Amino acid sequence: MRIYLNGRETEIDCLTIQDLWSWEQAERELESSRGFAIARNGALVPKREWSTTSINTNDKIEIVRAMSGG
Amino acid sequence: MKDEFVIAGVTLNSRLFLGTAGYPSQTILRDAVQVSGCEVVTVSIRRISLEGHGTDTVDLLSKYRLLPNTAGCETARDAILTAELAREALETNWIKLEVIGDRETLYPDTSELLQATRKLVDMGFVVLPYCNDDPVLCMRLADAGAAAVMPMGSMIGSGLGVANPANIEHICKRSPVPVIVDAGIGTASDAVIAMELGASAVLLNTAVAKSDDPVLMAGAMKHAVQSGRLAYRAGRIPRRGRAEPSSPQMGLVGS
């Protein structure tokens, strides 16, 4: 299915936010989701709702992380 | 005498807040933060890079209180979403609120800033807004429920120091919430001046990160903030337009 991941058109094979996160987590070899958060179509998806939030075609998903800043 | 510094019920032992951007390396960042003695460090919230894995500042600075910012946001809406993402990512309801109105000067968009402050306070955030050195705006932000106000010394990253000391002094005298002078600090004396004017704390980043020796400058800033605070509490002497001898005038030899 086609979505917009961090502003870029992307083909994914994930049904829920949790699926997408699990893929990213494995890819980045992360131990936990601390420091990360996800928004779908301009609204925060709390971590407790990741597994019950489905992804639909053309969704705009933002995965963000805390990083250096002033 | 105890000189407590409290924000939203939390007592902080350091009056220096340090930004974490632009250091030559993660090791230098870690050492600078440690030497600065600060408790609160700022971080930003950004999209993950879809190519690189990035560095883990959160892990590196896990023993400090992380203060996420909304840097770069230009609308209340974007700042609010960024604050929500930050709260979820870092499990903190503290937010350094930045809503920028002009990319050239990085001056805040004051109406969006006020609107975002009101909304975020309603949503349970401890809001620390970066704002102009404007006594009226600072009052409005405090009225809106900001936990502290953070007027700029001068433009972000400019190193121009405290451009309008009279305004900062006014704000400090009248503010019902702590005043944290944020941005524009160039070197240690600038931080001393901000503190001598009555600021509760100073937030700086570039002055340390881009100095020739960030770890050394972090130490200088630690002492500057402490020194400025002590001088403020001690009270400076009035300025005079004439000399006033400090040694006794009686008993001069040969008189």
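I call a residue buried if 20 or more other C-beta atoms lie within 10 Å of its own, exposed if 12 or fewer, and partly exposed in between, with C-beta atoms placed from the backbone. I note that this is a predicted model, in which local features need pLDDT of at least 70, side-chain atom pairs count only at pLDDT 80 or more, and totals for chains, interfaces and linings use all residues. Residues are numbered from 1 along each chain as its sequence is written, and chains are lettered from A and ligands numbered from 1 in the order in which they are written.

Entry: backbone angles. I looked up Leu106(B), which is not a glycine and has a positive phi near 55°. Leu106(B) sits in the loop between β6 (94-97) and α4 (110-122) of chain B (helices, H or I, of at least four residues and strands, E, of at least two are DSSP runs, numbered from the N terminus). Leu106(B) is partly exposed, because 18 other C-beta atoms lie within 10 Å.

I then looked up Asn41(A), another non-glycine residue, with a positive phi of about 50°. Asn41(A) lies in the loop between β3 and β4 (43-45) of chain A. Asn41(A) is exposed, with 12 other C-beta atoms within 10 Å.

Entry: the contact. I found 22 residues from chain A and 27 residues from chain B in it (contact means C-beta atoms, placed from the backbone, within 7 Å). On the side of chain A that touches chain B, β5(A) gives the largest share, seven residues.

Entry: strand pairing. I found β5(A) antiparallel to β4 (residues 40-47) of chain B, over five bridges (strands pair if DSSP finds at least two bridges between them). Ser68(A) stands opposite Val43(B) in β4(B).

Conventions
Two residues are in contact if their C-beta atoms, placed from the backbone, lie within 7 Å.
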